[in-house]
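This briefing sets out selected features of one protein structure, grouped by topic. Please read it alongside the sequence and coordinates.

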Amino acid sequence: MGWSENVNGLQHIGIPTENIKAAVEFYQKLGFQTALQTENEGIQVYFMRFGNLTLEIYETDRQAGCDGAINHIAIDVKDIEKAFADAVKDGMKILEEITYLPYWAHGIKYFIVEGPSRERVEFAQYL
């Protein structure tokens, strides 16, 4: 199975914010609804959806409040282990190895690579 057979499409876009309440209210005004509210190591995380677009908004002072403050794009995959093996085989720079988070009904697994312009690209699988 190659990349084209393993990728489902865009999963979410990660946006850091210094004010989670203001960010959630802003996106609600645009029509986004809260799909999941959770916490990761004490950090508030909201997944906001509008149609098939999902934003992961989380409170942090790192990278928030500056031009281009999108932390990552996440690509939805069918098989996270296969995607990781392909990333290694293709010589991608791994920033974070496969990690589990207890988000959604059964959790997710993800890993992050660095793109050619130092962008963070996350590959994620709903479990």
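**Briefing: core, pocket and selected residues**

Leaving aside neighbours within four places in sequence, alanine 23 is in contact with Thr17 and Ile57. The model is predicted.

**Isoleucine 57**

- Beyond four places in sequence, isoleucine 57 touches Ile15, Thr17, Ile20, Ala23, Tyr27, Gln44, Val45, Tyr46 and Met48.
- Isoleucine 57 and asparagine 19 are 38 residues apart along the chain, and their C-alpha atoms are separated by 9.9 Å.

**Largest pocket**

- The volume of the largest pocket is about 560 Å³.
- Its lining consists of 24 residues, of which Asn40, Glu56, Tyr58, Tyr110 and Arg120 are the closest to the pocket centre.
- At least two lining residues are supplied by each of strand S1 (7–17), strand S3 (43–50), strand S4 (53–59), strand S6 (93–101), strand S7 (108–114) and S8.
- Classified by residue type, the lining contains 10 nonpolar, eight polar and six charged residues.

**Glutamine 125**

- Glutamine 125 belongs to strand S8 (residues 120–126).
- With a relative accessible area of 15%, glutamine 125 falls under the 20% cut-off and therefore counts as buried.
- The side chain of glutamine 125 reaches the backbone oxygen of lysine 78 at 2.8 Å.
- When residues up to four places away in sequence are not counted, glutamine 125 touches Gln11, Val77, Lys78, Asp79, Ile80, Glu81, Gly107, Ile108 and Lys109.

**Aspartate 86**

- Aspartate 86 is located in helix H3 (residues 80–89).
- Aspartate 86 is buried because its relative accessibility, 4%, is under 20%.
- Residues up to four places away in sequence aside, aspartate 86 touches Met1, Gly2 and Trp3.

Methods:
Residues are numbered from 1 along each chain as its sequence is written. This is a predicted model: local features need pLDDT of at least 70, side-chain atom pairs count only at pLDDT 80 or more; totals for chains, interfaces and linings use all residues. Side-chain values use heavy atoms; hydrogens and water are left out. Helices (H or I, at least four residues) and strands (E, at least two) are DSSP runs, numbered from the N terminus. Buried means under 20% relative accessible area, exposed over 50%, partly exposed in between (1.4 Å probe, protein chains only). A polar contact is a pair of N or O atoms within 3.5 Å; within protein, one must be able to donate a hydrogen and the other to accept it, and residues adjacent in sequence count only if both atoms are side-chain atoms. Contact means heavy atoms within 4.5 Å. On a 1 Å grid over the protein atoms alone, a cavity is a set of points where a 1.4 Å probe fits but cannot get out, and a pocket is an open set with protein on both sides within 12 Å along at least five of seven lines; lining residues have an atom within 4 Å of a point. Grid points are joined across faces, edges and corners, and a volume is the space filled by probe spheres set on the points. Ala, Val, Leu, Ile, Met, Phe, Trp, Tyr, Cys and Pro count as nonpolar, Asp, Glu, Lys and Arg as charged, and the others, Gly among them, as polar.
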